[in-house]
Amino acid sequence: MGSLEAERKTTGWAASDPSGVLSPHTYTLRNTGPEDVFIKVICCGICHTDIHQIKNDLGMSKYPMVPGYNYTYFSLRFFLLGYSRLYENQHIHIRDWHEVVGEVVEVGSSVTKFTAGEYVGVGAIVGCCKDCRPCKADVEQYCNKKIWSYNDVYTDGKPTQGGFAGSMVVDQKFVVKIPEGMAAEQVAPLLCAGVTVYSPLNHFGLKQSGLRGGILGLGGVGHMGVKIAKAMGHHVTVISSSDKKKEEALEHIGADEYLVSSDATQMQEAADSLDYIIDTVPVFHPLEPYLSLLKLDGKLILLGVINTPMQFITPMVMLGRKTITGSFIGSIKETEEMLEFCEEKGVTSMIEVVKMDYINTAFERLEKNDVRYRFVVDVAGSKLDQ
């Protein structure tokens, strides 16, 4: 095993101000130790909420910033029982899985999980307390002291940077092995969208075949929701506000049915038909129409990040013993399980591969929803550290 005592430099593409324009930036990687893995980045996915970070839309970005995962930061305001209860200082960090795939170059003296030459993935988290209840239960994504892979500060006081760079250093606990035979560019979106869908299906006992599920919203997470649910043997209905994605959903992604939520007749006919709905919509929308689609004991699982209060009338939940719940990315253990599942079932993502010098154009297109369904940056082919 190699020694990782010395600091190293790498080049990434970073935002230097709220314009959000990325350009090459060379920086020193954080000090590494015996538990660390030095990784050469092969590719990295692009996610929509990176845009909020590089443009400082939420007023907490630190520059220069090398992105490479999703992150949203917002103030939560609750309105309950007719009272307006404002929590001005209660902030919640919501970051979807980032999408880095790389090759192990060197490992620290205490690393036992990985060896040089193996292909690995890195998610949104690069540190946690390891002592709290979530950490001990192997759901470290719910640790209140987790350290994010960029726009955060590591235990040594240095800023963390993301996967739009030639290399990175990560604690072995937060690295996952890529199953043999899986293409790096296909794996990248699975580390975000894939595990974000897999985790709630796993946790809420919704993996058995024969279930009827709904996927609300057909974007990056939604299209993986269809693919993973179908691979589990579910009958899958895509729910969307218009029929513009109907052909794509049914013929290319593999959904069984397509339901237009603005069509009252279709919605009435589909009432009480679904065991669960995975709601990926990231903007305010009423919940009652979708609660009506659930069977007795059905679950509405919220995955979209929404910073305005959601509303529903309680009888919609009470009279069917229905559940409104949520889920946040996934654990390292679930990520490993998800990758094995996708390899076994042949689940892939729909991507467009670009070089790093196209990154700013890719962000512009992403803002216009002009991608089906994930951009993946060919970092190795962009030769950043040469």
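These are my notebook entries on a predicted model of one protein.

**Entry 1: the whole chain**

I began with the overall make-up. The protein has 386 residues, and 53% of them are buried. For secondary structure I noted ten helices and 19 strands. I then looked up how far along the chain the contacts reach. Among contacts with a separation of 6 or more, 67% are between residues 24 or more positions apart.

**Entry 2: the cores**

Next I turned to the nonpolar residues inside. In soluble globular proteins, nonpolar side chains tend to be buried together. Which members of the largest nonpolar core touch the most other members? I found I46, F164 and I359, out of 98 residues in that core. Helix 3, residues 184-203, gives this core its largest share, ten residues.

Setting aside neighbours within four places in sequence, I359 is in contact with W13, L22, I46, F164 and V377.

**Entry 3: helix 3 against helix 9**

Two packed helices are described by the angle between their axes and the distance between the axes. I looked up both for helix 3 and helix 9, the latter being residues 332-345. Their angle is about 105°, and the axes lie 9 Å apart. Angles of 65 to 115 degrees count as roughly perpendicular, so helix 3 is roughly perpendicular to helix 9.

I listed the residues that make the contact. From helix 3 they are V187, L190, L191, G194, V195, Y198, S199 and N202. From helix 9 they are E334, T335, E337, M338, L339, F341 and C342. Sorted by class, this contact has nine nonpolar, four polar and two charged residues.

Helix 5 spans residues 246-253, and its buried residues are E248, A249 and I253.

On the face turned away from the buried side, I found the exposed residues E247 and E251. Just past the end of helix 5, G254 has a positive phi of about 105°.

E248 made me stop, as it belongs to helix 5. Is E248 buried or exposed? Its relative accessible area is 17%, and the cut-off for buried is under 20%, so E248 is buried. Not counting residues up to four places away in sequence, E248 touches I253, M350, R372 and Y373.

R372 and Y373 are joined by a cis peptide bond, with omega at about -10°. Y373 sits in the loop between helix 10 (359-367) and strand 19 (374-378).

**Entry 4: positive phi outside glycine**

In that loop between helix 10 and strand 19 I also found N369. N369 is not a glycine, yet its phi is positive, near 60°. Its relative accessible area is 56%, and N369 is exposed.

D297 is another non-glycine residue with a positive phi, of about 70°. D297 belongs to strand 16, residues 294-302. At 33% relative accessibility, D297 counts as partly exposed.

**Entry 5: two serines in loops**

S16 lies between strand 1 (9-15) and strand 2 (22-28), and it is partly exposed, with a relative accessible area of 48%. Leaving out residues up to four places away in sequence, S16 touches V21, Y63 and P64. What separates the C-alpha atoms of S16 and V66, 50 residues apart along the chain? I noted 9.1 Å.

S109 is in the loop between strand 6 (100-107) and strand 7 (119-122). S109 counts as exposed, at 58% relative accessibility. S109 and G33 are 76 residues apart along the chain, and their C-alpha atoms are separated by 8.1 Å.

Technical notes. Residues numbered from 1 in each chain as written. Predicted model: local features only at pLDDT ≥ 70, side-chain atom pairs only at ≥ 80, totals over all residues. Heavy atoms only, no water. Buried < 20%, exposed > 50% of the residue type's maximum accessible area, 1.4 Å probe, protein only. Helix = DSSP H or I, 4+ residues; strand = E, 2+ residues; numbered from the N terminus. Core = buried A, V, L, I, M, F, W, Y, C linked by side-chain atoms within 4.5 Å. Contact = heavy atoms within 4.5 Å. Axes fitted to C-alpha atoms, helices over the stretch in contact; angles between N-to-C directions. Parallel < 35°, antiparallel > 145°, perpendicular 65-115°, else oblique. Nonpolar A, V, L, I, M, F, W, Y, C, P; charged D, E, K, R; others polar.
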